[in-house]
Protein chains: 2
Amino acid sequence: MDSKRIALDVMGGDAAPEATLRGALRVCSASQATPLPPERIVLVGDEARLHAGLEELGGNPGFEVVHASQVVEMHDGPAAALRQKPDSSIAVGVGCVKAGKTGAVVSMGNTGALVAAATRGLGTLPGVKRPGIAVTMSLAGKPLTFIDMGANIAPKPEHLAQYGLMGSIYARECLQTPVPRVGLLNIGEEESKGTELLKTANALLGKLPIEFVGNVEGNIIFQDRADVIVTDGFTGNVVLKLLEGFAGLMLGWVLGELKQHGSEYAGDVLSNVKQKIDYAEYGGALLLGVDGAVVVGHGRSDEIAVANALSLAARDLDAGLNEGIVKGVAAASPSSATDPVG
Amino acid sequence: MDSKRIALDVMGGDAAPEATLRGALRVCSASQATPLPPERIVLVGDEARLHAGLEELGGNPGFEVVHASQVVEMHDGPAAALRQKPDSSIAVGVGCVKAGKTGAVVSMGNTGALVAAATRGLGTLPGVKRPGIAVTMSLAGKPLTFIDMGANIAPKPEHLAQYGLMGSIYARECLQTPVPRVGLLNIGEEESKGTELLKTANALLGKLPIEFVGNVEGNIIFQDRADVIVTDGFTGNVVLKLLEGFAGLMLGWVLGELKQHGSEYAGDVLSNVKQKIDYAEYGGALLLGVDGAVVVGHGRSDEIAVANALSLAARDLDAGLNEGIVKGVAAASPSSATDPVG
């Protein structure tokens, strides 16, 4: 049962600890389709503040509380933060997984610090070379997963191939996509396109036991040609932030136009469209490939996003995602994933 | 006067030759704010079709016509196309610049073939190491220029630094931005962020006589923090296509929402917003750094986009952009741009 529990970094995120506490309460409330039992959640953070916060919100329904005396701030450098704050809520949360007290850790705090703490503290799964961050967005009513969104900004071809494999297993096990189509983000569809990294990655992906659909260009990502998009962490991070920024800009333009027409339902239109691009709907990002379930939430997460992040962690654990990844990597490795090309 | 003339590849683009011929006529018509004299334009393509096409559109107002017996198709590989079609309208158009018959070449055709033909045929300007494609979009009512959008997918740091310099000169000379702010697209604002390529490029850009504002992240590109965004050609190309695809998707969502509300002005809202993201407004992309003015139009260009592309070429030539780049590169090189870091 401990392996199904989830450590929540209550101190992480712009609206912590209120949003994180409310999110933990929400995901356990009867209003949810499949509420989590409070016993599955371990709250990590300043003990006094957590108890006081829960008191204000109506009491503790059964969460275990684990004290952490320090907090990694959003602007802290990841390496320095881990060195100087060994008792931070991020470090203690990751420590819960390491010690087998929980199977998952969820944080809306400093992404770099969480990724570094999890990678170093938990290590990679057997056969996995480098962890990658998978982010799932809802587009055209279907989930679309990008991997890697920033864990590995200068990957090798075999890392990208494994991202395709792990992303495919994730989409199948956790997103109900029976045969996920995996594409490689590139500047042209032909195999000969792109950098040497991408040409080699394309060849490696083609040998894996996945539904590899080849290179996909930026403009056709949104045309339902793939369920999983593989990219290096630099491009992935730029793309993710760009979409956020661009979506905000466009929504602003549309709002301006609607107001000029004196529209009284401009707000509805915006909030409905916003929901489609809000990746909080899927609970944030998963760090795939580490020995534990690690959910990287968005710093701006509100109560609902926190609840979704906890649900994602529960889904990951219940589906046995990491067991699936270990099996998938082992099955793929004799044939190709770990071999050099040619 | 020859150096102020513009060769137009009439055969290039999805709607060629009709859209290209109409565009040439439009840019010379009295309806334009500053119409071009027809003598400035040299039409390149199948002579018989060009004459017949002009006849249908009311006659030739004074364009010179240069025959080209072949056409590079959109799906042709650039290298093969140049080898196998030496008399293509792209090759002949670039040849006009090389021979001094015109100062500029404009094509809506195969981008790879145009870039390859221009780079090989015209060579780089004195001091320029690698050409880069600059694309200007209108955001928040101001022009924002990205460079490079695909000419150089594996650049060296000194290439990125020169892109910043050339982009800055372009924005100043052709886009009326007196002191262009130049940013480096990266995954964090700190100088220590990103790949080795970007760390070194950041240091080089900081030494140039330009207004370098440091690293900019994908989500703040749209917040008017820079006028010129420097990036490698791989990321640039992905970003450009992604914005196109995402904009289309979002506009579709908004349209769907508006229709559900029974809005009768949904079309107006969309077309106004579309215009803001349509980089055809600025006439397409410029290949900066080659010895000639080279405008890379969008394959989907209509008559207006073709006219804008011709205007861009004229503005480039009238402003003496390349003379400015040669001077700028020479002034910068003793101090830093061509030196290794440290």
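Is B:Val106 buried or exposed? With a relative accessibility of 0%, B:Val106 counts as buried. Here is a pair to find on your screens: B:Val106 and B:Leu286 are 180 residues apart in sequence, yet their C-alpha atoms are 9.3 Å apart in space.

Before going further, a word on confidence. The model as a whole scores ipTM 0.86 and pTM 0.89. For chain A the average pLDDT is 90, and 91% of the residues score at least 70. The stretch to treat with care is residues 335-342 of chain A, where pLDDT stays under 50. The model does have 17 contacts for that stretch beyond four places in sequence. Still, where pLDDT is low, the predicted coordinates should not be read in detail.

Staying in chain B, please find helix H4, residues 89-98. How much of H4(B) is buried? Seven of its ten residues are, so H4(B) is largely enclosed by the rest of the structure. The buried ones are B:Ser89, B:Ile90, B:Val92, B:Gly93, B:Val94, B:Cys96 and B:Val97. What do they pack against? Their partners are strands E1 (6-9), E2 (41-45), E3 (64-67) and E4, together with helix H5 (111-122), still in chain B. After H4(B) comes B:Gly100, with a positive phi near 80°.

Helix H6 (residues 157-174) and helix H10 (residues 303-319) pack with their axes 10 Å apart, at an angle of about 95°. H6(B) and H10(B) are therefore roughly perpendicular to each other. On the H6(B) side, the residues that meet the other helix are B:Tyr170, B:Glu173 and B:Cys174. From H10(B) come B:Leu312, B:Arg315, B:Asp316 and B:Ala319. Sorted by class, this contact of H6(B) with H10(B) has four nonpolar residues, three charged ones and no polar ones.

Now over to chain A and its sheet. Eleven strands form an open sheet with mixed pairing, and the order is E3-E2-E1-E4-E11-E10-E5-E6-E9-E7-E8. Which strands stand at the edges? In chain A they are E3 (64-67) and E8 (211-216); each has a single partner strand, so one side of each is left without a neighbour in the sheet. From one strand to the next, the twist averages 25°. To look at one pairing, take E5 (residues 132-139) and E10 (residues 285-288) of chain A, which run in the antiparallel sense over four bridges.

Apart from neighbours within four places in sequence, A:Ser88 is in contact with A:Ala68, A:Gln70, A:Val71 and A:Val72.

Let me finish with some backbone geometry. Most residues other than glycine have a negative phi, and most peptide bonds are trans. Where in chain B does a cis peptide bond join two residues? One place is between B:Ala16 and B:Pro17, with omega about 0°. B:Pro17 belongs to the loop between E1 and helix H1 (18-28) of chain B. Another cis bond joins B:Ile147 and B:Asp148, with omega about 15°. B:Asp148 is in the loop between strand E6 (142-147) and H6 of chain B.

As for phi, A:Asp224 has a positive value near 55° without being a glycine. It lies in the chain A loop between E8 and strand E9 (228-230), and at 38% relative accessibility A:Asp224 counts as partly exposed. In chain B, B:Asp224 has a positive phi of about 55°. B:Asp224 is found between strand E8 (211-216) and strand E9 (228-230) of chain B, in the loop, and is partly exposed, with a relative accessible area of 35%.

Technical notes. Residues are numbered from 1 along each chain as its sequence is written. Chains are lettered from A and ligands numbered from 1 in the order in which they are written. This is a predicted model: local features need pLDDT of at least 70, side-chain atom pairs count only at pLDDT 80 or more; totals for chains, interfaces and linings use all residues. Side-chain values use heavy atoms; hydrogens and water are left out. Axes are lines fitted to C-alpha atoms, for helices over the stretch in contact, and angles run from 0 to 180 degrees between N-to-C directions. Helices (H or I, at least four residues) and strands (E, at least two) are DSSP runs, numbered from the N terminus. Angles under 35 degrees count as roughly parallel, over 145 as roughly antiparallel, 65 to 115 as roughly perpendicular and the rest as oblique. Contact means heavy atoms within 4.5 Å. Ala, Val, Leu, Ile, Met, Phe, Trp, Tyr, Cys and Pro count as nonpolar, Asp, Glu, Lys and Arg as charged, and the others, Gly among them, as polar. pLDDT is the predictor's confidence in each residue, from 0 to 100. Buried means under 20% relative accessible area, exposed over 50%, partly exposed in between (1.4 Å probe, protein chains only). Two strands pair if DSSP finds at least two bridges between them.
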